[in-house]
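Have your viewer ready and follow along.

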Amino acid sequence: PSVEPNQDSSEERSIKEHLGEVNTSSEKDMLDERVSQIANLVVTAMKNFCSSEAILNRACLVLHNISLTEEYHTILLWTPNCYQMLEWCLANYRTDRVLQQSAGGTLHRLQSTLSNNETLRTTFGRTLQSRSQTDLERVHREAVLMYEQEQQLGRSRTSRRDEPSRRS
């Protein structure tokens with residue numbers, strides 16, 4: 001029997017559908033395994049390139065796409081600085097409509113997840129407080145170290161000026 005080139009037999013369609021399901025499930029499994037790593041890398045890029053609107057725009061889009069899958073919300077919430085970076089982007093890049101929509105939409109989804117789960121909300125709140133305290137302590141240590149280095153540098157300059165000049 002003649003079969004038109006563009007028409008698949010039911011068996012061929014069945015095989016293609018099955019392969020499509022296999023590809024879809026394996027892609028989903030692969031993403032499930034990597035979503036935490038992806039979120040961490042994205043947030044790290046956001047922190048390292050916080051003055052690049054283009055990078056932040058794309059990063060917010062990636063996080064937005066991840067947040068479209070509800071089961072990934074907890075991963076985003078537990079990704080260090082993810083929530084804070086999204087808030088920071090909203091506050092600092094008000095004229096970038098795409099960034100505003102993607103960051104705002106992601107935060108809205110995460111807030112919805114938090115509002116529906118009291119245990120998660122409480123734990124997340126405590127974690128934010130703990131991270132904030134840790135960040136403050138780190139910044140304080142860095143400021144003290146910089147101050148001490150400036151003091152030492154100032155003493156070094158003063159002692160060089162006070163040394164008698166050596167002439168040959």
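Does Tyr 93 count as buried or exposed? Keep in mind as we go that this is a predicted model. At 13% relative accessibility, Tyr 93 counts as buried, because the cut-off for that class is under 20%.

Let's step back to the whole chain. The protein has six helices and zero strands, so from the N terminus on the elements read α-α-α-α-α-α. Of its 168 residues, 23% count as buried. The protein exposes about 12400 Å², and carbon and sulfur atoms supply 51% of that area. If we take the contacts between residues at least 6 apart in sequence, 66% of them join residues at least 24 apart.

Now turn to helix H4, which spans residues 82–92. Its buried residues are Cys 82, Tyr 83, Met 85, Leu 86, Cys 89 and Leu 90. Looking down the axis of H4, you will find these buried residues within an arc of 170°, so they line one face of the helix.

Asn 81 sits in the loop between helix H3 (73–78) and helix H4 (82–92). Its phi is positive, about 70°, although Asn 81 is not a glycine. With a relative accessibility of 17%, Asn 81 also counts as buried.

The aromatic rings come next. A search of the whole structure finds three aromatic pairs. One of them joins Tyr 83 and Phe 124 in an edge-to-face arrangement, at 5.2 Å centre to centre and with 70° between the planes. Tyr 83 belongs to helix H4 and Phe 124 to helix H6 (residues 118–162), so this pair ties together parts that are 41 residues apart in sequence. Both Tyr 83 and Phe 124 are buried. Another pair brings us back to the residue we began with: the ring centres of Trp 88 and Tyr 93 are 6.0 Å apart and their planes meet at 65°, so this pair is edge-to-face. Trp 88 is partly exposed, with a relative accessible area of 32%, whereas Tyr 93 is buried. Ring pairs also link Trp 78, Tyr 83 and Phe 124 into a cluster.

Finally, let's look at the charged side chains. How many salt bridges does the structure hold? There are three. In one of them, the side chains of Lys 28 and Asp 32 meet at 3.0 Å, N to O. Both residues lie in helix H1 (residues 10–48), four residues apart, which is about one turn of the helix. Lys 28 is partly exposed at 35% relative accessibility, and Asp 32 is partly exposed at 30%.

Lys 28 also forms a salt bridge with Glu 71, with the closest N and O atoms 3.0 Å apart. Lys 28 is in helix H1 and Glu 71 is in the loop between helix H2 (53–67) and H3, so the pair ties together parts that are 43 residues apart in sequence. Glu 71 counts as partly exposed, at 49% relative accessibility. Together, Lys 28, Asp 32 and Glu 71 are linked in a network of salt bridges.

Arg 34 forms a salt bridge with Glu 33, where the closest N and O atoms are 3.8 Å apart. Arg 34 is partly exposed, with a relative accessible area of 41%, while Glu 33 counts as exposed at 58% relative accessibility.

Definitions and conventions. Residues are numbered from 1 along each chain as its sequence is written. This is a predicted model: local features need pLDDT of at least 70, side-chain atom pairs count only at pLDDT 80 or more; totals for chains, interfaces and linings use all residues. Side-chain values use heavy atoms; hydrogens and water are left out. Helices (H or I, at least four residues) and strands (E, at least two) are DSSP runs, numbered from the N terminus. Buried means under 20% relative accessible area, exposed over 50%, partly exposed in between (1.4 Å probe, protein chains only). Contact means heavy atoms within 4.5 Å. Accessible areas come from the Shrake-Rupley method with a 1.4 Å probe; for residues, only the protein chains shown count as cover. The arc is that of the directions from the helix axis to the C-beta atoms. A salt bridge is a side-chain nitrogen of Lys or Arg within 4 Å of a carboxyl oxygen of Asp or Glu. Rings of Phe, Tyr and Trp (its six-membered ring) pair if their centres lie within 6.5 Å; planes under 30 degrees apart count as stacked, over 60 as edge-to-face and the rest as tilted.
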